[in-house]
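Colleague: Could you walk me through this one? I have some questions, and I'd like to jump between topics as we go.

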Amino acid sequence: MRIATWNVNSAKQRVPRLLPWLDQRRPDVVCLQETKLADTAFMKLLGAELDKRGYAIALNGEVQWNGVAILSRVGLDDVVVGIPGGPGFPDPEARAVSAVCGGVRVHSLYVPNGREPDSEHYQYKLAWLAALRDMVRAGPTDAVLCGDMNIAPSDADVFDPHAYVGQTHVTAPERAALAQLQAIGLHDVVRDRWPTQRVFTYWDYRAGMFHQDLGMRIDLVLATDRVADRVRAAWVDRQARKGTGPSDHAPVIIDLDGAPDGDIGPVVPPPSARGTGRKARLPQAKN
């Protein structure tokens with residue numbers, strides 16, 4: 001089973017990239033973040049095309065901001081929208097949806113940005129992560145959390161730690177909250193498989209950042225023991241960040257039980273299953 005996660009930074013803007021990517025990479029389960037569409041608008045835009053490709057769809061969307069989705073060709077059962085009892089800002093936002101796909105509880109997550117350290121949104125981020133931890137801890141033993149965590153787990157996950165001093169994504173409380181989530185029994189499968197390699201998933205749109213590989217790793221796949229033991233390949237689809245009209249994030253892909261493209265490098269795109277050190281201060285998104 002191939003599971004992918006991708007912050008598309010607007011499903012509407014990414015349609016010309018998303019559909020060919022689905023045809024090329026052929027994931028069985030796809031977690032999307034920042035769809036930025038209400039559920040009815042998402043279905044009007046993509047419902048027919050996804051149905052043709054055999055995907056059932058679970059959505060938690062809102063107009064203009066946030067939005068998450070799960071696309072599955074291996075079943076879509078027991079859908080849970082949001083984090084029951086979780087915090088809002090001030091109301092619950094469209095940042096989480098989960099479902100059982102192929103016997104695994106799959107979570108598509110868009111963690112709050114935090115905006116500025118010690119701001120109200122930053123405290124909301126920490127509370128949201130704590131609520132997520134409680135939800136996952138009470139869930140099944142076969143689970144995988146996929147998405148934009150808006151946290152770089154360590155200094156090795158940013159191109160230059162000095163570039164992020166005073167900003168979110170790298171502060172000690174955020175990293176501690178992520179570590180506490182992992183401590184319930186979750187494996188960072190990309191880092192576990194590639195412990196020393198330079199691996200990023202996000203590059204700012206500013207000219208040259210991607211081509212110079214000045215990025216950060218904030219899109220993660222966290223798996224419970226039973227799922228992590230099934231991982232045969234884990235990689236970042238850097239090819240999807242190239243070309244015209246890309247998202248500023250690249251997809252992260254894991255293969256369970258079998259790896260049709262082999263156990264390739266962490267950021268080296270495989271053939272399709274069918275067919276074809278600079279200091280800087282980077283702007284953070286405000287949602």
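**Working through the model**

Modeller: Happy to, and we can begin with arginine 226, which sits in helix α6, residues 225–228; please keep in mind that this is a predicted model.

Colleague: OK, what is arginine 226 in contact with, leaving aside its neighbours within four places in sequence?

Modeller: Arginine 226 is then in contact with Thr141 and Asp142.

Colleague: Switching to helices, how do the axes of α1 and α2 cross?

Modeller: Helix α1 covers residues 11–25 and helix α2 covers residues 39–52, and their axes come within 11 Å and cross at roughly 10°. Angles under 35 degrees count as roughly parallel, and α1 and α2 are therefore roughly parallel to each other.

Colleague: And which residues meet there?

Modeller: From α1 there are Ala11, Lys12, Val15, Leu18, Leu19 and Leu22, and they meet Phe42, Leu45, Leu46, Glu49 and Leu50 of α2. Sorted by class, that contact has nine nonpolar residues, two charged residues and no polar ones.

Colleague: What about the nonpolar core, which members touch the most others?

Modeller: The largest nonpolar core has 45 residues, and Ile3, Ile70, Val106, Val144 and Ile254 are the ones that touch the most other members. Another core lies apart from it, with 24 residues, including Ala11, Leu37, Ala233 and Ile264. As background, nonpolar side chains in soluble globular proteins tend to be buried together.

Colleague: Changing topic, how many disulfides does the structure hold?

Modeller: It holds zero disulfides. Cysteine 101 is in none, and the nearest cysteine sulfur to its own, that of cysteine 31, is 7.3 Å away. Cysteine 146 is not in a disulfide either, and there the nearest cysteine sulfur, again that of cysteine 31, is 4.1 Å away.

Colleague: Why doesn't 4.1 Å count for cysteine 146?

Modeller: A disulfide needs the two cysteine sulfur atoms within 2.5 Å, and the sulfur of cysteine 31 is 4.1 Å from that of cysteine 146.

Colleague: Is cysteine 146 buried or exposed?

Modeller: Cysteine 146 is buried, because its relative accessible area is 0%, and cysteine 101 also counts as buried, at 0% relative accessibility.

Colleague: Where is aspartate 237 placed?

Modeller: Aspartate 237 lies in the loop between β13 (231–236) and β14 (252–256). At 1% relative accessibility, aspartate 237 counts as buried. Not counting residues up to four places away in sequence, aspartate 237 touches Trp21, Arg25, Ala250, Pro251, Ile253 and Pro269. Of these, proline 269 is 32 residues away in sequence, with a C-alpha to C-alpha distance of 5.3 Å from aspartate 237.

Colleague: Last topic, the backbone: which residues does a cis peptide bond join?

Modeller: A cis peptide bond joins phenylalanine 89 and proline 90, with omega about -5°, and proline 90 is found in the loop between β5 (77–81) and β6 (96–101). Lysine 36 is a residue other than glycine with a positive phi, near 60°, and arginine 115 also has a positive phi near 60°. For context, most residues other than glycine have a negative phi, and most peptide bonds are trans.

Colleague: Where is lysine 36 found, and where is arginine 115?

Modeller: Lysine 36 is in the loop between β2 (29–33) and α2, and is partly exposed, with a relative accessible area of 24%. Arginine 115 is in the loop between β7 (104–110) and α3 (120–137), and counts as partly exposed at 32% relative accessibility.

Notes: Residues numbered from 1 in each chain as written. Predicted model: local features only at pLDDT ≥ 70, side-chain atom pairs only at ≥ 80, totals over all residues. Heavy atoms only, no water. Axes fitted to C-alpha atoms, helices over the stretch in contact; angles between N-to-C directions. Helix = DSSP H or I, 4+ residues; strand = E, 2+ residues; numbered from the N terminus. Parallel < 35°, antiparallel > 145°, perpendicular 65-115°, else oblique. Contact = heavy atoms within 4.5 Å. Nonpolar A, V, L, I, M, F, W, Y, C, P; charged D, E, K, R; others polar. Core = buried A, V, L, I, M, F, W, Y, C linked by side-chain atoms within 4.5 Å. Buried < 20%, exposed > 50% of the residue type's maximum accessible area, 1.4 Å probe, protein only.
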